[in-house]
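Please look through the following briefing with the sequence and the coordinates open beside it. It takes up contacts within one chain and then contacts between chains.

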2 protein chains.
Amino acid sequence: MQQPTLVALVVLLCSLHLVDGGKVLVCPVDGSHWINMKVLIEELHSRGHEITVLRPSDSWYIKAESPYYKSITIFPSGFDEEQFGSFVIRMMNMRRQGASLWTRISLEYELVEQFYQMNKQSLEMLGKLFENTTMMQRLHDDKYDLVLTDPAIGIGVLLGHRLGLPLVFNVRWTIQGEGHHAIAPSPFSYVPIPGTELTDKMTFLQRLKNILYFFFTRLQIWYVTDPNYTPFVQRYFGNDVHYMELFQSADIWLMRNDFTFEFPRPTMPNIIYMSGFQCKPSKPLSKELEDFVQSSGEHGVIVMTLGTLVAKLPEDITEEIASAFAQLPQKVIWRHKGKRPSTLGNNTLLLEWLPQNDLLGHPKTRAFVAHGGTNGMQEAIYHGVPLVGLPLMFDQQDNFFRMKARGVAKVLDIATVNKDNFLEALKAVLYEPTYREKMKTLSSLHRDQPTKPLDRAMFWIEFVMRHKGAKHLRTDSYKMSMIQYHSIDVAAFLFAVISLVFIVFISAVKFLWRRVFCRSKVKKE
Amino acid sequence: MQQPTLVALVVLLCSLHLVDGGKVLVCPVDGSHWINMKVLIEELHSRGHEITVLRPSDSWYIKAESPYYKSITIFPSGFDEEQFGSFVIRMMNMRRQGASLWTRISLEYELVEQFYQMNKQSLEMLGKLFENTTMMQRLHDDKYDLVLTDPAIGIGVLLGHRLGLPLVFNVRWTIQGEGHHAIAPSPFSYVPIPGTELTDKMTFLQRLKNILYFFFTRLQIWYVTDPNYTPFVQRYFGNDVHYMELFQSADIWLMRNDFTFEFPRPTMPNIIYMSGFQCKPSKPLSKELEDFVQSSGEHGVIVMTLGTLVAKLPEDITEEIASAFAQLPQKVIWRHKGKRPSTLGNNTLLLEWLPQNDLLGHPKTRAFVAHGGTNGMQEAIYHGVPLVGLPLMFDQQDNFFRMKARGVAKVLDIATVNKDNFLEALKAVLYEPTYREKMKTLSSLHRDQPTKPLDRAMFWIEFVMRHKGAKHLRTDSYKMSMIQYHSIDVAAFLFAVISLVFIVFISAVKFLWRRVFCRSKVKKE
């Protein structure tokens, strides 16, 4: 008689969402990606889970000591902040100087080559870790419940599989491109490939562009990703295993995205949207900053920052921007490193760091000049602040394209930005009410969710702990070949059968026809 | 200065999920479908919304008077319970007598014809309603916030569009087949077509079967649905409008399904899974019933019911079933109308109606003998009771196939069921622990969700009220033709271009070859 009661108790405990403190192994990506991974780690810690972070020995941001996690310092990631920052500056300068297409392509190639080398180096070091039996034994013995990783680099995926642990992704980009494209059907006809600057409504020519772009992104995978990952995976996981399989078998994809940001598109049951999980109500500003903000009076404040990667802009751009700001009645708070522009107005405050969330949530804030990183975009949506965009690289152009398509942003090209067009864009966003109104609508849609994004993320991480995965939510379709997945073999078979029937029919008709015809001929003769 | 504060207040109100009592127009489907629509209506009512139900004049279940809703009685649905029940009995008898394939096909055809006639009649009457300006004006003047409908029949979809109101679906089946197939990509290679009894993992031959079945279901649409709906839609909505467009533009699809029941598959952002929304903890049984249940001692109880449609089984089957039950030490509670089987044991209690949810949630309940209606399946999962299946028609076979694939049910064929195989199936489910264990696991997965299914359904209905739709969650892909959707035009264009390039290249080579060749020939000569 006790059995059903016991089972009922287990069911009850599960339904109460209780989990004893779990053990999470985190394989983060450095830089801006770490900023949002840290949000998840801090929340997991506050819920009583024990977190271990594998940090690269050359990390920019990931500290070895933290009240929120233990860390294990592993090999260098090969990611050099200095080199990268200077690369961005070089690219901006080139774009401004109207460099030849060839120069720009070679620069793009250089970037791709850098990523290639970074992945190559990481995999070499991961191989050494795999062969370090003491270390691997330690990781095994630690008995983690799951690996939480950002699959923009494949280290966490590979390590998770090596340790036989469930995988949870904190994801927007993967080594194969945008996250959805790796597991959800993405019809070319209404799912734009990132970088195309297309919406979900396309003309014939746009759909053509979308497909051509798709093949272009495949080239990158064939020439950059596969040569690195395929031999590694074959060596450590078996000859018939492909990285895609390991990667697509992740239990939960916590997607840094939602449909106030992304165009509507097919999704999968194990994709959980957590866009805005890092957003929170603003806290009061420092006395100094608050005074500055209040001094703007009815005109309000403009906030400008270009993210973690680029604090310094080329001087000619900063001069143009500063002189544009100087012409406005608003106050401006600008995150800026480097030389103070000579054209800077009295209304502009330069800071080396600014409390972005608190400023965006301030009722006096009227516009946000940003580079288009996902974190900033989501904070702008959360707080309902319209945008002026200066996208620099990576997904920034694409992110801003989405904001522009929704009518909540003006976007400028870093190659052609000057005082006049910058001022024009700012004035539009400040004084044409549609930008603010549409952003408020977007913000209210984004905030109107049955659960908070961060709680949702926590729920599903703990779900994976409770059930040792989320197998019922993920398809095994990735185990099929492309030919099987798209039913090309069945179509070919059906085509062959129909052709055969047709040929037999035609032959029979011919045969009969000849017999009848010949007979009548014979008779005639 | 007041504007931002006002906007902030609006955002705050939205984020608090407050809605003044809204007005909902409900277009239900009668019979078992009404049972679950009623759950939504009662919950909407308890949240302060005003509900108006359009009820058919010949309704089985939908009462004109209710504390939960106002009703407007419209035309008859043409759905005759008596006729339908007797049809099911005829079909069962035929299957038991091993009727010829031809007889069975003609019976299936008769069923399809019945649906055709039912749809035809409904649309005729709906046309009359559309032309009744007084009535239509009244519906307009009532200023509903949305239409909540079950798209198993198209009346609600058409009326919603006629009134220009947002649509929310309470859906599993549509007039075009299973709900997902109408809006989410459904690759043939891992999404089984209902009726195929295939899982999400298929061999080549199974994938072939799946595709052939797909074309078969299309035939039904071409010959049954389209001839009814196309002329109607063209008449009232314009010549270039197709029913599919009206239907696919629904804002929210509340799906009576989830992935403890359905195989994992692609989904869409506006599909909200609410499987189990009708389930609730069991209430105490009546004194009489509780005494009977307790008298089962350690053996526990078996519950049997075959749903709303078939309370009476052919006598030969009831005799077999009764004699099987009689051999078991368990107590049995059997919902049964009609003649008392002569073989009935003392352990079996016949009831004309039974409190299904309360019995399934009773700790003494060991097994559930069911026909495979979605409601019953979901209650069994919710309470974690393993199943013995006697599927009769519609989706019942398919539902049980899913339960069987998960190892939580034994399924019998009504054509061949007899005392021995019924007893064998019952004993397996009662005494082999895997059935119960797997069902408990499924139940714990089903219950472990961030929000309760019914709350989730309410949230999204109220979301549509607050935002007058959920446009950002639905694609407009349905506006494309099949050729555009599948990029066939782009593929054809690319093929033509590649062919042209190839032809020009070959021609050029030929031309050059001939010139060189001819020259050397001329020279030789």
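**Interfaces within and between chains**

A:Arg402 forms a salt bridge with A:Glu262, and the closest N and O atoms of this pair are 2.9 Å apart. The model is predicted, and the distances and areas below should be read with that in mind.

**Domains of chain A**

- The domain assignment divides chain A into domain 1, which comprises 22–277 + 452–469, and domain 2, which comprises 287–447.
- Between the C-alpha centres of domain 1 of chain A and domain 2 of chain A the distance is 28 Å, and the contact draws on 37 residues from domain 1 and 34 residues from domain 2.
- Domain 1 and domain 2 of chain A bury about 3,000 Å² between them, with carbon and sulfur atoms giving 58% of that area.
- On the side of domain 1 of chain A, the residues that lose the most area to domain 2 are A:Arg96, A:Thr260 and A:Phe261, which together account for 27% of what that side buries.

**Polar and charged pairs between the domains**

- The rule finds one salt bridge across the interface of domain 1 and domain 2 of chain A, while 14 residue pairs, both at pLDDT 80 or more, are counted in polar contact between these domains.
- On the side of domain 1 of chain A that touches domain 2, the elements giving two or more residues are α2 (32–46), α3 (81–96) and α4 (101–131) of chain A, and α3(A) gives the most, with 11 residues.
- Sorted by class, that side of domain 1 of chain A holds 18 nonpolar, 11 polar and eight charged residues.

**Chain B against chain A**

- The contact between the chains involves 59 residues of chain B and 59 residues of chain A.
- The area that chain B and chain A bury between them is about 5,400 Å², and 71% of it lies on carbon and sulfur atoms.
- Six salt bridges are found by the rule across the interface of chain B and chain A.
- A:Asp448 forms a salt bridge with B:Arg466, with the closest N and O atoms 2.6 Å apart.
- Between chain B and chain A, 13 residue pairs are counted in polar contact, both residues being at pLDDT 80 or more.
- The side of chain B that touches chain A receives two or more residues from each of several elements of chain B, among them α1 (2–15), α8 (204–237), α17 (453–467) and α19 (488–524), and the residues of this side divide into 30 nonpolar, 15 polar and 14 charged.

Note on methods: Residues are numbered from 1 along each chain as its sequence is written. Chains are lettered from A and ligands numbered from 1 in the order in which they are written. This is a predicted model: local features need pLDDT of at least 70, side-chain atom pairs count only at pLDDT 80 or more; totals for chains, interfaces and linings use all residues. Side-chain values use heavy atoms; hydrogens and water are left out. Domain bounds come from an automatic or database domain assignment. Contact means heavy atoms within 4.5 Å. Buried area is the accessible area (1.4 Å probe) that two parts lose on being put together, summed over both. A salt bridge is a side-chain nitrogen of Lys or Arg within 4 Å of a carboxyl oxygen of Asp or Glu. A polar contact is a pair of N or O atoms within 3.5 Å; within protein, one must be able to donate a hydrogen and the other to accept it, and residues adjacent in sequence count only if both atoms are side-chain atoms. Helices (H or I, at least four residues) and strands (E, at least two) are DSSP runs, numbered from the N terminus. Ala, Val, Leu, Ile, Met, Phe, Trp, Tyr, Cys and Pro count as nonpolar, Asp, Glu, Lys and Arg as charged, and the others, Gly among them, as polar.
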